[in-house]
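Have the view open and follow along.

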Amino acid sequence: MPKIPEKIHELTVGQLSARSGAAVSALHFYESKGLISSRRTSGNQRRYGRDALRRVAFVRAAQRVGIPLATVRAALAELPEERTPTREDWARLSATWRAELDERIKQLSRLRDHLTDCIGCGCLSLETCVLSNPDDVFGERMAGSRLMPERCRPKEGGAQDGSDMPGRPKSRS
């Protein structure tokens, strides 16, 4: 990994890529999403502050645990501009993600434990389909693989009782 002298306070996109391990295209993407920022030289070249190294590391660590970039952007927005996120920043911000990660772990565990039971039929209503329809939530509204086509099809007059589906009471949302 190329070492950048301490006296250099700005990095080119190539230097940032080499130091962070992120592809240049990823860095451009992060910048377009407001996760990192650069200034432009008179020759229209990007220059990143050294703090961008820590911000890229922060983004990549969050991505590895499945945190959406929009959530990461909101977390970074809480920091003063151009300040390098510290260990304390990471601890504080990542603590808010704990519940989301716990829910994902629960879903992945359910997937792992029931994967052999699933045949990928797309039924979405079987009481035993704990993968795509935990607790048979969709089965209360309609049955079988009609769920997606019924949901996407334009309503043509609907049912006489004003419900969304014939034979089913209108849901109260």
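N44 sits in the loop between β2 (39–40) and β3 (46–49). Helices here are DSSP runs (H or I) of at least four residues and strands are DSSP runs (E) of at least two, numbered from the N terminus. Most residues other than glycine have a negative phi. N44 is not a glycine, yet its phi is positive, at about 65°.

A word on the model: it is predicted, so local features need pLDDT of at least 70 and side-chain atom pairs count only at pLDDT 80 or more, while totals for chains, interfaces and linings use all residues. Residues are numbered from 1 along each chain as its sequence is written, and side-chain values use heavy atoms, with hydrogens and water left out.

Now hop over to L101, which belongs to helix α6 (residues 98–114). L101 has a relative accessible area of 23%, so it counts as partly exposed (buried is under 20%, exposed over 50%, partly exposed in between, with a 1.4 Å probe and protein chains only). Leaving aside residues up to four places away in sequence, L101 touches V65 and I67; contact means heavy atoms within 4.5 Å. L101 and V65 are 36 residues apart in sequence, but their C-alpha atoms are 7.8 Å apart in space.

Zooming out, the chain has seven helices and three strands, in the order β-α-α-β-β-α-α-α-α-α from the N terminus. Some totals for the chain:

| Item | Value |
|---|---|
| Buried residues | 25% of the 173 residues |
| Contacts between residues 24 or more positions apart | 45% of the contacts with a separation of 6 or more |
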